[in-house]
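Here's a quick look at the salt bridges in this model. Have the sequence and the 3D view open while you read.

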Amino acid sequence: MGLGSGDCLVRGRGLRDLSGDGGVRKEELRPGRGPAVPPAASVAVKYSGYLEHGDEPFCTNCYSKSPGLMKLGKDITLGGLEIGLLTMRKGEVARFVFTPDYAYGRQGCPPLIPPSATVMFEVEVLDFLDSDESDIFFELTAEQQDTFPLQKVLKVADTEREFGNYLYRKRHFEGAKDRYKRAFSILGRSPSSEAEQCQIDASKLLVLLNLSLTYLKLERPAQALAYGEKALEIDQRNAKALFRCGQACLCMTEYEKARDFLVRAQHIQPFNHDINNELKKLASCYKDYMEKEKKMCCRMFASLNSSSG
């Protein structure tokens with residue numbers, strides 16, 4: 001995302017008027033894909049804000065490798081920026097010009113922003129999640145949540161899992177784990193039919209697999225094993241769950257249990273490279289372990305022999 005300076009403001013006449021009064025104007029620099037950002041979404045953006053004739057941005061997060069998600073109307077409060085973001089799509093880069101009424105007002109924001117300043121922002125939408133329904137749900141009491149239709153609960157759980165996936169991809173494993181647990185916490189309701197039970201179990205299974213993997217990344221294999229085994233209670237032939245359990249047991253040097261889980265996973269997916277490589281790793285670790293045990297026994301016997309002699 002590159003930019004010359006705030007001199008672009010003086011060339012802003014050809015920009016598209018989004019607000020109807022010239023207060024928010026837009027130039028698309030690179031098109032995006034998919035749907036536009038919905039109201040009350042949580043968005044990850046890169047941005048730089050410039051004053052007229054300014055060569056350096058007065059605010060930017062472009063030096064951050066992985067900007068966090070910000071909620072429209074809560075974390076993003078600049079009126080013009082919110083209007084502009086609602087016209088953008090994932091991957092899009094755009095330039096906006098905001099008049100004072102849509103930016104920092106007549107007062108400005110001393111010492112960075114002078115009074116009645118028109119500003120220019122360049123923005124890139126990296127990702128977004130439609131979190132409105134999820135946010136509303138978690139503001140309700142437990143009794144109110146229980147009145148929600150199952151399909152809406154499943155949608156909320158899926159949104160929380162997507163949040164977790166986003167954080168996982170950014171290697172924010174603690175945050176991802178918390179989102180997955182939040183999703184799992186609302187999937188305990190009693191179904192009214194076998195079809196509903198299947199839907200709940202399918203949603204639970206995805207979350208449990210995510211939790212097991214995340215705990216492995218957090219180097220907490222006991223918890224990874226526990227969530228993997230919960231997944232197997234839903235689907236005992238789930239190769240991913242068996243694989244996660246095998247990985248967890250290997251981390252804890254429980255080699256027999258690790259082999260049992262991994263061999264079961266291999267029977268289901270015999271050509272899975274990850275499973276086969278983990279079995280090779282297990283064999284190597286077990287060999288090293290046995291050699292160390294042998295050396296330890298030899299030292300013990302040598303010590304006994306020398307003391308008896």
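## Salt bridges

In this predicted model, E160 and R179 form a salt bridge, with their closest N and O atoms 2.7 Å apart. This pair ties together distant parts of the chain: E160 sits in helix α4 (residues 150-169) and R179 in helix α5 (residues 173-185), 19 residues apart. A salt bridge here means a side-chain nitrogen of Lys or Arg within 4 Å of a carboxyl oxygen of Asp or Glu, and by that rule the count comes to 17. Helices are DSSP runs of H or I, at least four residues, numbered from the N terminus.

Since the model is predicted, local features need pLDDT of at least 70 and side-chain atom pairs count only at pLDDT 80 or more, while totals for chains, interfaces and linings use all residues.

How accessible are the residues? Buried means under 20% relative accessible area, exposed over 50%, and partly exposed in between (1.4 Å probe, protein chains only).

| Residue | Relative accessible area | Class |
|---|---|---|
| E160 | 0% | buried |
| R179 | 21% | partly exposed |
| E174 | 40% | partly exposed |
| R220 | 29% | partly exposed |

The side chains of E174 and R220 also meet in a salt bridge, at 3.6 Å from N to O. Here E174 is in helix α5 and R220 in the loop between α6 (194-217) and α7 (221-234), 46 residues apart.

Then there's E254 with K257, another salt bridge, whose closest N and O atoms are 3.6 Å apart. Salt bridges with shared partners also join E174, K177, D178 and R220 into one network.

Notes:
Residues are numbered from 1 along each chain as its sequence is written. Side-chain values use heavy atoms; hydrogens and water are left out. Helices (H or I, at least four residues) and strands (E, at least two) are DSSP runs, numbered from the N terminus.
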